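Hi,

Here is the structure I promised to send over.

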Amino acid sequence: MSTVIARRVAATPARDASQTWDKIVALLAPDPKSEARKELAKAAGIACSSIASEATKDAAIVVWGGGARVRVYCLFDEDAITGDDKNEDALPSNPTQGDWKISIPCLTEDVGWSQRKLSATCTRVFARSVDEDVSDGEKEATRTSTGMSINMAEFFKS
Amino acid sequence: MSTSTFSISYAYTVTYVTTKMLLALKEIIREIGLDPSKFTEDWGLYERGISTWLTSRHLERVSLEIYKPRTGELVTRWDIDVIYGTVGDGSLWVDTAAIRYAIVKAGAVPSSCDYDLKLKNSDGWTAVAGWSAASFRSTDGFKRYAVGATIGGNGLAAQTAYWSR
């Protein structure tokens, strides 16, 4: 059973795209001197493009492979200002350790050039369409940030 | 057109307009047949310059020059002109449909073209790291086509136009 943790980060107009990405990076790679920070810094431009297009509103930035699967969404407009649904709490463990990877959602028309750019500079960062999800590990179980775990298969049997 | 209706500060408007300007320019680059990769490399630098000079009200225009790399000759230019002191309904808005329609009308450019982003400020602007003085390529022989207001917020709006022969 995989564990999924969700975070919702305030974006435009509370933060610009770069500030939003910096906040997400601080959550995902808390050690400023880590290799993960350097890898994520190389993806900043593509991430900013994704955030500015609001692709991250309904499609998550997904991190997996280094522990708990993490899904980061962004809040925009009034939601970003009021922060009612914001959850920027530190993660219980570092998801960018070991063999981690990260998928950034992009508008369909941005996927091609974004992936080419990432392939040239990054080894752990990938672009995908907002219409795609990342594997199906999170279908097995969902763990909320409060620690409550739901086995979805058993839930739907009941 | 997407619209959000809530009361909003000038600082929020600056962040919103900056983001939408860059988003519009990225879409223009992509839709006229060029690769936006180079543009995204300097996304943070562009944000710092545009937001700083929108906040100080020195920014007059954001221009995307598309040119022939071999000669430096201008092929087309897209302008986003800033209008301060606009009176709106307190909402933030962007008219992406108008921008996309204008892109279709303007047409594609040869894929061998390159591009530069340049800002025009009024006198008295303060320096922002990473930005330096530059001159605009000549628009002699070009005609300017207005698209109209495409981005707006509290006390700030942006009008788009493009140049073509």
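Below are my notes on the core, the chain contact and a set of strands.

A word on conventions: this is a predicted model, so local features need pLDDT of at least 70 and side-chain atom pairs count only at pLDDT 80 or more, while totals for chains, interfaces and linings use all residues. Residues are numbered from 1 along each chain as its sequence is written, with chains lettered from A and ligands numbered from 1 in the order in which they are written.

Core first. The largest nonpolar core has 86 residues; such a core is a set of buried Ala, Val, Leu, Ile, Met, Phe, Trp, Tyr and Cys residues joined through C-beta atoms within 7 Å (buried: 20 or more other C-beta atoms within 10 Å of its own, C-beta atoms being placed from the backbone). Ala11(A), Ile104(A), Met21(B) and Leu25(B) touch the most other members.

Now the contact between the chains (C-beta atoms within 7 Å). Chain A puts in 18 residues and chain B 21 residues. On the chain A side, α3(A) gives the most, with six residues.

Finally, the strands in chain B, which pair if DSSP finds at least two bridges between them. β6(B) (residues 143–153) runs antiparallel to β4(B) (residues 92–94) over two bridges and to β7(B) (residues 156–164) over nine bridges. Gly152(B) stands opposite Trp93(B) and has Ala157(B) as its bridge partner in β7(B).

Cheers

Definitions and conventions
Buried ≥ 20, exposed ≤ 12 C-beta atoms within 10 Å, placed from the backbone. Contact = placed C-beta atoms within 7 Å. Helix = DSSP H or I, 4+ residues; strand = E, 2+ residues; numbered from the N terminus.
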